[in-house]
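Look at the model first, then read on.

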Amino acid sequence: ANKMKDNAGRNENFDFQVDATVNAMRYIYVTKKKLLGADVGWHVILPVVNQHVSINTPGRTRQTKTGLGDIEFSPLILGWHFNKNWHLVATVDFMVPTGAYDKDDISNIGRNYWTINPIVDVTYISNGGFEISSKFLYLINTTNTATGYQSGQEFLFDYLIGQKVGNWNLGVNGYFYKQITDDSIRNEPANFSGNKGQSLSIGPVIQYNY
């Protein structure tokens, strides 16, 4: 990222740069047990982060942090496979504030608050290899204890439309994100109507399965 915007969407009048590299390693285990007709599993995501932030303002203007970010896990994943075409997964993820955070730093690789994240995934794969996949998430954020700031609740929708060709899957993917409720801060007015995030992305996907 190389731009900082104010709440009206205008560029701030200083140079700003963030460079982040993340290896998000996801470990999944599916048991042989069944619950409500679904396969039972669990997973954990371990993000290793290197982040450099540079801001051309008085005071501390550059900082780099490297280490473990915020771990995400679910102790219970339920997966239904109705036939070879339709698949459904439901779970609740927990995001743990394990990443390094200091309220006086400009580069933080953790958020210093918990997030509860119900998730529903739906996939359709035709006999000819055409795929439509979607993932619906709703993020419920707790308060950052160092600042008293609480981010609003967030809705996220990931999508993939692709076609399998041999071991390859070619298509487009992306996401739609919208913050549903206002941010709030301890001992301050509760309404932060200008602080609501939203974004939309689309891009190509090339996947190889072996």
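The side chains of Asp-182 and Lys-196 form a salt bridge, at 3.4 Å from N to O. A salt bridge is a side-chain nitrogen of Lys or Arg within 4 Å of a carboxyl oxygen of Asp or Glu. The pair links distant parts of the chain, 14 residues apart: Asp-182 is in the loop between β10 (168-179) and β11 (184-185), and Lys-196 is in the loop between β11 and β12 (198-208). Strands (E, at least two residues) are DSSP runs, numbered from the N terminus.

This is a predicted model: local features need pLDDT of at least 70, and side-chain atom pairs count only at pLDDT 80 or more, while totals for chains, interfaces and linings use all residues. Residues are numbered from 1 along each chain as its sequence is written, and side-chain values use heavy atoms, without hydrogens and water.

The count comes to 3 salt bridges.

| Salt bridge | N to O distance |
|---|---|
| Lys-34 and Asp-39 | 2.7 Å |
| Asp-105 and Lys-65 | 2.8 Å |
| Asp-182 and Lys-196 | 3.4 Å |

Are Asp-105 and Lys-65 buried or exposed? Both are buried. Buried means under 20% relative accessible area, exposed over 50%, and partly exposed in between (1.4 Å probe, protein chains only). Lys-65 has 13% relative accessibility. Lys-34 is exposed, at 58%. Asp-182 is partly exposed, at 29%, and so is Lys-196, at 41%.

Lys-65 sits in strand β3 (residues 62-68). Its side chain also reaches the backbone oxygen of Ser-107, at 3.1 Å.

Terms used. Helix = DSSP H or I, 4+ residues; strand = E, 2+ residues; numbered from the N terminus. Polar contact = N/O pair within 3.5 Å; in protein donor to acceptor, adjacent residues only side chain to side chain.
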